[in-house]
Amino acid sequence: MNIHTIDLFYLGNPNAIASYLIESEAGPILVETGPRTCVDALTAGLAKHGYKPSDVKHILLTHIHFDHAGGAGWWAQQGAHIYVHNIGAKHMIDPSRLYASALRIYGDKMETLYGELIPIPEEQVTLLYDQDVIEIGEHKFIAHDTPGHANHHMSYQLEDIAFTGDVASMVIYLPTPWLKIVTPPPEFNLEKWHVSLERLKSLNLSAIYPTHFGRIEDPLPHFEAVASLINHGAQFVKNGVDSGQSREEIIAAYRAHQEQIALSNGADQAMWDAHQTNDPIDMSIDGIIRYWRKKAEAEAAG
Ligand SMILES: [Zn+2]
């Protein structure tokens, strides 16, 4: 099986966001498009394997966050069919609300970070449900509903490997891999995330492809590390909230803690600083604070 990691050099950074190319009898298949701002990098990556954009007829998205799916509309215009979780599909068909809410967060940085979203005609979108099988050429992808990072998140199993989006964490290749979880609002959910990791563990995978970035062999210890990281992150924030710290204080403490982890994994100060430009730590803290608040409200309501 021919699987290639295409580096999208997001904001000029190598090893930040990948698109995966799977060759098949039915032509090239992509998992993820990356953001709209990475169309040229993905086009160049495909050209190295002898493909042009209009050769791509099938694209699987793990979820609809812009760093994974922002370019999907452009690729649909070139003729690709898009496979996406049923919960996220409506925002791919009509991205106006998704774009407006991102604009509120990113403001005038939006154009540089992600670019515009292009609507995808409904007939070019397949809505996926848990355990759906997607047959393309000689390949059979199984869609696994894997919430935790987002409710519209699928992982795709192909034989004994899987494309895991953000649910198996980000892996940043310093001299040693630095695992990083992203826990954004409104859907970060600790319990669901653990269930998703258990599902992935049960598949007996020989390797996974996390969108940020590359390929991880023998992923079982990796899944266990991710499970303890999400517990740790959630507890870190809960301790801050319980001891009366403000959001800003928790963000500062968490950032300092992350910096220490990065530096001890071999990052130098310049790498850490560069990583800050697209690091959603504020968002991750907001996601965890919201999770605990919702949980307390649900418990109070009985
Ligand atoms: Zn995401």
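Colleague: What does the accessible surface of the chain come to, and what percentage of it belongs to carbon and sulfur atoms?

Modeller: This is a predicted model, in which local features need pLDDT of at least 70 and side-chain atom pairs count only at pLDDT 80 or more, while totals for chains, interfaces and linings use all residues. Residues are numbered from 1 along each chain as its sequence is written, and side-chain values use heavy atoms, with hydrogens and water left out. By the Shrake-Rupley method with a 1.4 Å probe, where for residues only the protein chains shown count as cover, the accessible surface comes to about 13,000 Å², and the part belonging to carbon and sulfur atoms is 53%.

Colleague: Why can the chain be called as compact as a globular protein of its length?

Modeller: The chain has 11 helices and 14 strands, taken as DSSP runs numbered from the N terminus (helices H or I, at least four residues; strands E, at least two). The globule rule, 2.2 Å times the number of residues to the power 0.38, is set against a radius of gyration taken over C-alpha atoms. For 302 residues the rule gives 19 Å, and the chain is as compact as a globular protein of that length because its own radius of gyration is close to this, at 19 Å.

Colleague: Is strand 1 largely enclosed or open?

Modeller: Buried means under 20% relative accessible area, exposed over 50%, and partly exposed in between, with a 1.4 Å probe and protein chains only. Four of the five residues of strand 1 (residues 3-7) are buried, so the rest of the structure leaves this strand largely enclosed.

Colleague: Which residue of strand 2 is the bridge partner of threonine 5?

Modeller: Two strands pair if DSSP finds at least two bridges between them, and strand 1 pairs with strand 2 (residues 18-22) in the antiparallel sense over five bridges. In strand 2, the partner of threonine 5 is tyrosine 20.

Colleague: Which strands are the edges of the open sheet of six strands?

Modeller: The sheet has mixed pairing and the order 7-8-9-10-13-14. Each edge strand pairs on one side only, and these are strand 7 (133-136) and strand 14 (216-217).

Colleague: Which residue in strand 14 stands opposite isoleucine 208?

Modeller: Strand 13 (residues 207-210) runs parallel to strand 10 (residues 161-165), joined by four bridges, and alanine 162 stands opposite isoleucine 208. Strand 13 is also joined to strand 14 by two bridges, running antiparallel. There, the residue opposite isoleucine 208 is isoleucine 216.
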